[in-house]
Amino acid sequence: MKVLVGVKRVVDYAVKVNVKNGSVNLNNVKMSLNPFCEIAVEEACRLKESKAAEEIIALSIGPKQCTETLRTALAMGCDRAIHISTDMRTDYMELQPYAIAKMIQKIVDQEQPDLVLLGKQGIDSDCGQTGPMLAGFLGWPQITFAANLTANDDGKSITVERETDSGTETIDATLPAVVTCDLRLNEPRYATLPNIMKAKKKKVDTINADDLDVDLKTYNEVVEVFEPIGRKAGVSVDNVDELLDKLRNEAGVIV
Amino acid sequence: MAPNNDNDDDTSLEKYNVDWTGHYRGSSSIVVRPKSTEEVSRILSYCHKRRIGVVPQGGNTGLVGGSVGIGGEVILSLEKMNNIECYGKKDGSVIRADAGCILEELQNYAAKNGNLVPVDLGAKGSCQIGGNVSTNAGGVYYYRYGSLHANVLGLEVVTPTGDVLNLGYDPVSHLKDNTGYHLKHLFIGGEGTLGVVTKVSLRCPPLPVSRGAMWVTCASLSDVVRVLTLARTDHLNEILAAFEFMDRDVLELVRAAYPSIRFPLDIGNVTPATTINNDTIIDPYSILIETHGSDNNHDREKLESFFECIMEEGLVVDGVMAQNLGQIEDFWKIRELCNPATAAMGYVYKYDISLAAIDFDSFIHDMKVRLIDASHDQQKAASSDKNLICGNWGHIIDGNLHCNIVSPNSFERDSELLKIIDEGIFEEVMKRNGSISAEHGLGQYKNEYMTRIKTPSTLRAMYDIKRVFDPHGIMNPGKYLPEPSAESSPE
Ligand SMILES: Cc1cc2nc3c(=O)[nH]c(=O)nc-3n(C[C@H](O)[C@H](O)[C@H](O)COP(=O)(O)OP(=O)(O)OC[C@H]3O[C@@H](n4cnc5c(N)ncnc54)[C@H](O)[C@@H]3O)c2cc1C
């Protein structure tokens, strides 16, 4: 099978973000591969190593530095990459899941993959909408929050486990399909230096977002972005009566 | 005791009487936990008058038995003095704090304001800045940011007579101040033998905007040294921040002690627990390199071209490069487990020496030969079949080797063996013009070596200084300086 993997470039999860001029400050901030996309890349590589997949194409949408992020995916084992180039922000401030899913759809039309693997969400906007929207546009089965994925021997279907509040769901789906990956699916590999070197020689095609004939408009307006208010220090109470009193009269959570 | 100390939380004396290694145990029945410089002063003058021995104690992570008593001294713990006072400069480039602040808390506080505390080490979660100053701790960024002698701008200390000395601990914290003897340097690395450090002001460089890291493996120590030279000069130069090495023996101990830890070069880096059961072979030497800079792309390019070069020269077996900040922490996690892993596996004969990096190889080799001989003798004596493991790691860029000899599954010190190893280390270090203590200090473990490594006149000057500050010898008695011999003792 042929696999298309989404590779989003986001602020590194270990960076403490700050807000400047009404949005998260991206100036000289460490950017990395979205951790859920990293899991998707890892899963694709494992499919290839187990001979279930023949080719993995990594796809990233964003500024020119996305090619760096794509290099990480290529070093982990993707075969080639497509970069949809745009200067619009991809953290919901400008480009939003609808437009992103529309663009991915264009690439799907062009590349005809059997499986699209995406992260369950980007850690910048936390929307979790791109996968479901893409499946909707394509009319393909969608399986979100994958915690285990098996390519079946028939070469035409997959079995996916997803974790839900009420337990593990096991779903069989025929290909082509869209799967979004959750934390427990796998533990991504490190990029070895020899593979980083080899990745430099792999092909990255760049397409201008404006040339895709997709509506890129920002439909949802972001009203305000602010840093979380610091948690107030807790208080200790001496006895149950005092606790009840505070819950009743200060917090107002019981009557 | 005079000062009022609330007996709030943990009143058990055990944790104050045993050090991190578990090898040193005091029998103090009194612990005082002052909350202010004033209280420290009252405690010390009380003990001075009555000639009661005092052991200043920070996070108790020192590795030479300096922070616990030898007999029944009073333990003066700084743990209740942990305010981060303020900045000595508006831009936050100078931080002022009580001696009892935990290093990691200080680091987090500085980071919030865009600054880096120029000292970092594996014990950061427990050790205190006052303890770091008192041991002149080196740590992993020593090469890049320099020693505490360079970075401590000022100290407040209390001498045994109860006098409070302000040694450049000023609200304004000048970067430059050439007035008078720089007495603060006597307390940096003084191991609590001259007084108690109560406040510290430190200069802090800006947090690096860009951090990169790679983990590479080498087949020989001479390759490691060549990689080090190339990193330091032609390739990483101004962005090089840390260069640590670990040998296979210590990483095997880490793997045995923490089986779920994933090593960067495990094949396909699959989780070991689910697959190959930890039997991937670890390359002979592993190196962790970190860079600090101001431009991620620039630093990444430098790291990649550096790797290309060392690969072409055939110096490395394999390597990985961190793709995000989390992976950098993963690499450090392994490095930081070296110490606890040896401690978990058996009794550790612990050494911390300075040598030229090119001498590490022959030193380790010669020590291993000595150990084989020693084990043979031991076996004859005790018919035990335990083989000693010699695990090595350290800040090789500073010429600093942590040589740790572990007796697996046996947690008792064997004093015969200790003597053999001590003497072996001493001879091998001296042969190579090294130092028997690069950063851990002397404490009660290495103090008796002083007569063999310092000239009598140098030692005499040290006794003179000790007498000026601590005429009754109440501060950390029996440590740091050796028991005075007839010829070196004053008067
Ligand atoms: C896992 C681990 C990793 C380590 N890595 C390094 C490393 O990379 N580099 C390095 O240099 N060291 C290292 N060390 C040893 C190092 O010396 C200590 O971790 C640290 O600097 C000691 O701080 P502490 O607060 O625990 O001091 P303690 O252990 O409590 O005390 C150490 C000495 O300082 C004296 N002292 C403590 N506080 C004061 C004070 N306020 N005034 C006067 N005297 C005082 C004590 O009396 C004692 O002699 C490591 C230790 C561990 C356990």
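**Exercise 1.** In this predicted model, find which residue of chain B stands opposite Thr192(A), and how the strands concerned pair.

*Solution.* Step one: locate Thr192(A); opposite Thr192(A) stands Val320(B), a residue of S12(B). Step two: take the strands. S13(A) pairs with strand S12 of chain B, residues 318–321, and the sense is antiparallel. Step three: count the bridges between S13(A) and S12(B), which number 2.

**Exercise 2.** State how many residues each chain gives to the contact and what area is buried.

*Solution.* Step one: chain A supplies 24 residues and chain B supplies 29 residues. Step two: the area buried between chain A and chain B comes to about 2,400 Å², with 54% of it from carbon and sulfur atoms. Step three: on the side of chain A, the residues that lose the most area to chain B are Lys30(A), Tyr190(A) and Leu193(A), together 32% of what that side buries.

**Exercise 3.** Describe the side of chain A that touches chain B by element and by class.

*Solution.* Step one: the elements of chain A that give two or more residues to this side are helix H1 (35–49), helix H2 (66–76), strand S13 (191–192) and helix H5 (193–199). Step two: H5(A) gives the largest share, 4 residues. Step three: by class, this side has 11 nonpolar, 4 polar and 9 charged residues.

How values were computed: Residues numbered from 1 in each chain as written. Chains lettered and ligands numbered in written order. Predicted model: local features only at pLDDT ≥ 70, side-chain atom pairs only at ≥ 80, totals over all residues. Heavy atoms only, no water. Contact = heavy atoms within 4.5 Å. Buried area = accessible area lost by both parts, 1.4 Å probe. Nonpolar A, V, L, I, M, F, W, Y, C, P; charged D, E, K, R; others polar. Pairing = 2+ DSSP bridges.
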